[in-house]
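Please examine the sequence and the structure shown below. The paragraphs that follow lead through them step by step.

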Amino acid sequence: MRSSLAPGVWFLRAFSRDSWFRGFILLLTFLIYTCYHMSRKPISVVKSRLHQNCSELEPVNHTHSPNDTTWCSWAPFDQDNYKELLGAVDNAFLVAYAIGMFISGIFGERLPLRYYLSTGMLLSGLFTSLFGLGYFWNIHMLWYFVLIQICNGLVQTTGWPSVVTCVGNWFGKGKRGLIMGVWNSHTSVGNILGSLIAGIWVNDQWGLSFVVPGIITGAVGVLTFLFLIEYPEDVDCTPPQHHGGPDEDQDNPEDPGNGPYSNRDSSLEAATSSKESCAEPAAISFLGALRIPGVIEFSLCLLFAKLVSYTFLYWLPLYIFNVAHFSAKEAGDLSTLFDVGGIIGGIMAGLISDYTNGRATTCCIMLILAAPMMFLYNYIGQNGIISSIVMLIICGALVNGPYSLITTAVSADLGTHQSLKGNAKALSTVTAIIDGTGSVGAALGPLLAGLISPTGWNNVFYMLISADVLACLLLCRLVYKEILAWKASLSRGRGYKEI
């Protein structure tokens, strides 16, 4: 007769299998959103190719007038108002993305994530490729590029709420800020890959700068359809362990997590209830999600934080090209250092906020430091390659750190708030509201940069610094409550020592 496994051996086998699947899901969702961001980045690199000073180039033939400095530019971006036209192309994507994000979370809660994500990635790859095919099809109509960007913006909204919800289905209590800070580096990794891939063809056949990322995104969409596992129960894995009761952490006076807007007793696994539970909770309403304490403040803060981040995302290569006079490829490559800083900043923000249990305070301090650093980068950042590299990394860390923290750990905190009483349907909607509001700022930033840059790049940076200060001010109430929570925690700690 076959003997049963010892409890310890069974535990190790189960742990190993569960860990393998969780690691696989974390890697796959990382790859998925890396592709989403990779497909957004080429436009910022190709801008300097769509309009350039052709007097520095040798004409292909002798039909061009010596005074014609736009013969090598791509119509309709060869006009004097090319910055406004490029801003319109950016804004078409970002406005569509912002509008679609508010709706996407609702669909994400009601449709199978595997179908929803894979369809979104296939369509995103298609529209990204169609933008680049405009080069090979010799298309010079503004409406074509604007229409493609609108469609791409809408289908890209399938990504963020879905990957956050999928990770929430698999991962339980732990160092949420650190884990999600590392995981959220996919945005910067995607931006870096998008810049590097686009830079390969930007000076020759710039259409390939879009077609290649589009094909990669579509291919990963096929992998998503084949391999994405939405719930641990689907492969007989152990679901994340829930806490013993809703008041468990509230009864612990030493727990610093009894803060102003988030509960440490609410962990990421509470984002999704077991599919085998008896009663399936109803999806939370849009207004119900807005009533969760902290959602409105962090949403508005992200609006201005994302305004700054996306202005750098879409205009930094052109700024370096115009001010530092690098080539289009060199400007694109140098701009990736901002995203390298974003990776560092996201991990730092997660670590610090985990240690201090102060999400709002961490964001506020980084935003305060970002304002003078942006001012210095504009004035002395182009004085040498070393200063440019160092300041780009620092600015990237301080600008993208709060953006990363709010869209990941903060969204998970708010989506599993105690007021939801364990409702598993809230995380996707809360994530969509926060990121959707932030996407309004993402649309405004590049638009304002396109309108303001003709008056001088200094004015663009003044606009960015103003937005950064407003983002900081919107968190003042939450910072104050976190400070009160820290004081109460210290007082309780002294009380226990005296006893």
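This is a predicted model: local features need pLDDT of at least 70, side-chain atom pairs count only at pLDDT 80 or more; totals for chains, interfaces and linings use all residues.

Proline 76 is situated in the loop that runs between helix 2 (42–50) and helix 3 (82–110). The peptide bond that joins alanine 75 to proline 76 is cis, with omega at about 10°. As background, most peptide bonds are trans, and most residues other than glycine have a negative phi. The buried residues of helix 2 include Pro42, Ile43, Val45, Val46 and Leu50. Ser44, Lys47, Ser48 and Arg49 in helix 2 are buried as well.

The chain as a whole may now be considered. How many helices and how many strands does the secondary structure of the protein chain come to? There are 17 helices and zero strands. The protein chain has 499 residues, of which 56% count as buried. Among the contacts in the chain with a separation of 6 or more, 83% are between residues 24 or more positions apart.

Pairs of helices can be examined next. Two packed helices are described by two quantities, namely the angle between their axes and the distance between the axes. Helix 4 (residues 113–136) packs with helix 5 (residues 142–156) at an angle of about 165°, and their axes are 9 Å apart. Because an angle over 145 degrees counts as roughly antiparallel, helix 4 is roughly antiparallel to helix 5. The two helices, helix 4 and helix 5, cross in a left-handed manner. On the side of helix 4, the residues that meet helix 5 are Gly120, Leu123, Ser124, Phe127, Thr128, Leu130, Phe131 and Gly134. Their counterparts in helix 5 are Tyr144, Phe145, Ile148, Gln149, Cys151, Asn152, Val155 and Gln156. Sorted by class, this contact of helix 4 with helix 5 comprises nine nonpolar residues, seven polar residues and no charged residues.

The loop between helix 4 and helix 5 contains asparagine 138. Although asparagine 138 is not a glycine, its phi is positive, at about 55°. Is asparagine 138 buried or exposed? With a relative accessible area of 51%, asparagine 138 is exposed, because exposed means over 50%.

A second pair consists of helix 11 (residues 295–323) and helix 12, whose axes come within 8 Å and cross at roughly 130°. Helix 11 and helix 12 are therefore oblique to each other. The crossing of helix 11 with helix 12 is right-handed. Helix 11 contributes Phe312, Leu316, Pro317, Ile320 and Phe321 to the contact, while helix 12 contributes Ala328, Ala331, Gly332, Leu334, Ser335 and Phe338. By class, the contact of helix 11 with helix 12 has nine nonpolar residues, two polar residues and no charged residues.

One residue of this contact may be followed further. Serine 335 belongs to helix 12 and has a relative accessible area of 2%, so serine 335 is buried. Which residues does serine 335 touch, not counting residues up to four places away in sequence? They are Lys41, Ser195, Leu316, Pro317 and Ile320.

Asparagine 357 is a residue other than glycine, and its phi is positive, near 55°. Why does asparagine 357 count as buried? The reason is that its relative accessibility is 10%, and buried means under 20%. Asparagine 357 and alanine 485 are 128 residues apart along the chain, yet their C-alpha atoms are separated by 9.6 Å.

The cysteines are the final topic. A disulfide is a covalent bond between the sulfur atoms of two cysteines. How many disulfides does the count come to, by the rule that the sulfur atoms must be within 2.5 Å? The count comes to zero disulfides. Cysteine 35 has a relative accessible area of 3% and is therefore buried. Cysteine 166 is likewise buried, with a relative accessible area of 0%.

How values were computed. Residues are numbered from 1 along each chain as its sequence is written. Side-chain values use heavy atoms; hydrogens and water are left out. Axes are lines fitted to C-alpha atoms, for helices over the stretch in contact, and angles run from 0 to 180 degrees between N-to-C directions. Helices (H or I, at least four residues) and strands (E, at least two) are DSSP runs, numbered from the N terminus. Angles under 35 degrees count as roughly parallel, over 145 as roughly antiparallel, 65 to 115 as roughly perpendicular and the rest as oblique. A crossing is left-handed if the near helix is turned anticlockwise from the far one by less than a right angle, and right-handed if clockwise. Contact means heavy atoms within 4.5 Å. Ala, Val, Leu, Ile, Met, Phe, Trp, Tyr, Cys and Pro count as nonpolar, Asp, Glu, Lys and Arg as charged, and the others, Gly among them, as polar. A disulfide is a pair of cysteine sulfur atoms within 2.5 Å. Buried means under 20% relative accessible area, exposed over 50%, partly exposed in between (1.4 Å probe, protein chains only).
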